[in-house]
Amino acid sequence: MSAALPAARPGSDDAPKAAAGAGATGSAAGQHGVGAPPVIEVDGLRTRFGAQLIHDGVQFRIRRGELVALIGGSGSGKTVLLRELIGLQRPTAGSVRLLGTDVWSADEAALRALRRRFGMMFQDGALFSSLDVAANVATPLREHTDLPAPMVDALVGLRISLAGLPPDAARKLPSVLSGGMRKRAAIARALALEPELLFLDEPTSGLDPVTARSLDGLLRFLCDDLGITVLVVTHDLDTVAGIADRVIALGGGRVLADGTLDAVRAVDDPWIRDWFAGAPLRKG
Ligand SMILES: Nc1ncnc2c1ncn2[C@@H]1O[C@H](COP(=O)(O)OP(=O)(O)OP(=O)(O)O)[C@@H](O)[C@H]1O
Ligand SMILES: [Mg+2]
């Protein structure tokens, strides 16, 4: 564990330029992760709940350094897939490898080591309502490290700042935060252990466009400047068009399309056509 993550607040006045401009320009599609090893490997994933087949052979790879948007209709199984990726819900069949570890056959020690290396922001934030922001962000540090309290406090302050929250947010309960601040607090907690992989479930849902684009800038910054591989589930066309290196579309239990924004939007599928209707074209 190190305190290497920087303290600047993307989206705020002291944000690095790379973060501030990221949402506007996006990235060179397809450049990120080229030649890098896969850090997320999903093969033949099937998920059945009773008679309902949610995933029927989902398969994809994500390379280190990529920022990938996972899209799909409501109920297509995006959240379930994330839960299966991080070891919270066992798929009916298939395999998931994160950072080379097979999530569903690894022993507890390997899983515990793996859990230190990824962060997750849940769809509803899933903050502990009785704990203030600082205590929420400290939870993974307390669970996974034996750092002394002053060090934990210092790291918590860094993560809160990194997520773009003002210092006084630390002592606030989730219930008094705005929607955008709550999302940032959840991201700060996901960043607590300085993860290599970051999973986010609809980080911009319910936010005004300015706040949403600022969060997009934060994700691009985390990927570009800190080298974190990001998989973001989103319904937000602007997030996909603005920051994603690659898009994976789920539908009918499978990967409908997987590629750059332009490649995916060109796929001849009714859901993809409807979803992309009105999406801005990527420049350059
Ligand atoms: N534990 C469970 N038991 C039974 N059914 C479940 C369970 N978890 C999820 N489902 C069902 O699986 C389907 C996919 O759910 P999921 O939450 O992954 O959808 P989603 O793609 O994330 O949708 P949204 O975009 O609305 O968040 C839904 O029909 C849901 O009701
Ligand atoms: Mg969901």
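Student: Okay, how many helices and strands does the chain have?

Tutor: There are 10 helices and 10 strands in the chain. Keep in mind that this is a predicted model.

Student: Noted. What percentage of the residues is buried?

Tutor: Buried residues account for 43% of the 284 in the chain. As for contacts between residues at least 6 apart in sequence, 70% of them join residues at least 24 apart.

Student: Now the sheets. What's the strand order in the six-stranded one?

Tutor: The order is 6-7-8-3-9-10, in an open sheet with mixed pairing. Its twist averages 15° from one strand to the next.

Student: Which strands stand at the edges there?

Tutor: Strand 6 (118-121) and strand 10 (254-259). Each has a single partner strand, so one side of each has no neighbour in the sheet.

Student: Let's stay with strand 6. Which way do its residues point?

Tutor: Phe-118 and Met-120 point one way, while Gly-119 and Met-121 point the other, and all are buried.

Student: And how many bridges join strand 6 to strand 7?

Tutor: Four, and the two strands run parallel. One pair to look at is Phe-118, whose bridge partner in strand 7 is Leu-197.

Student: What does Leu-197 stand opposite in strand 8?

Tutor: Thr-229. Strand 7 (residues 197-201) and strand 8 (residues 229-233) run parallel too, joined by five bridges.

Student: Which strands does helix 7 touch when it packs on that sheet?

Tutor: Helix 7 (residues 209-226) touches strand 3, strand 7 and strand 8, and its direction makes about 155° with that of strand 8. Helix 2 is another one to look at: it lies across strand 3 (67-72), strand 7, strand 8 and strand 9 (246-251), at about 155° to strand 7.

Student: How many bridges join strand 1 to strand 4?

Tutor: Five bridges join strand 1 (residues 38-49) to strand 4 (residues 93-98). Asp-43, for instance, has Ser-95 in strand 4 as its bridge partner.

Student: Switching to the ligand. What surrounds ligand 1?

Tutor: The shell is Phe-49, Ile-54, Gly-72, Ser-74, Gly-75, Ser-76, Gly-77, Lys-78, Thr-79, Val-80 and Gln-123. By class that's three nonpolar, seven polar and one charged.

Student: Which helix gives the most to that shell?

Tutor: Helix 2 (residues 78-85), with three residues.

Student: And helix-helix packing: at what angle do helix 4 and helix 5 cross?

Tutor: Helix 4 (residues 133-144) and helix 5 (residues 149-162) cross at roughly 120°, and their axes come within 9 Å. The crossing is right-handed.

Student: Which residues make the contact?

Tutor: From helix 4 you have Val-133, Ala-134, Val-137, Ala-138, Leu-141 and Arg-142, and from helix 5 Val-152, Leu-155, Val-156, Arg-159 and Ile-160.

Student: Is Glu-202 buried or exposed?

Tutor: Buried, because Glu-202 has 20 C-beta neighbours inside 10 Å. Glu-194 counts as buried as well, because it has 20 C-beta neighbours inside 10 Å.

Student: Last one: where does Asp-238 lie?

Tutor: In helix 8 (residues 237-243). Asp-238 counts as partly exposed because it has 16 C-beta neighbours inside 10 Å. Leaving aside neighbours within four places in sequence, Asp-238 is in contact with Ala-212 and Arg-213. Its C-alpha is 9.0 Å from that of Pro-209, which is 29 residues away along the chain.

Notes:
Residues numbered from 1 in each chain as written. Chains lettered and ligands numbered in written order. Predicted model: local features only at pLDDT ≥ 70, side-chain atom pairs only at ≥ 80, totals over all residues. Near = placed C-beta within 6 Å. Nonpolar A, V, L, I, M, F, W, Y, C, P; charged D, E, K, R; others polar. Axes fitted to C-alpha atoms, helices over the stretch in contact; angles between N-to-C directions. Left-handed = near helix turned anticlockwise from the far one by under 90°. Contact = placed C-beta atoms within 7 Å. Buried ≥ 20, exposed ≤ 12 C-beta atoms within 10 Å, placed from the backbone. Pairing = 2+ DSSP bridges.
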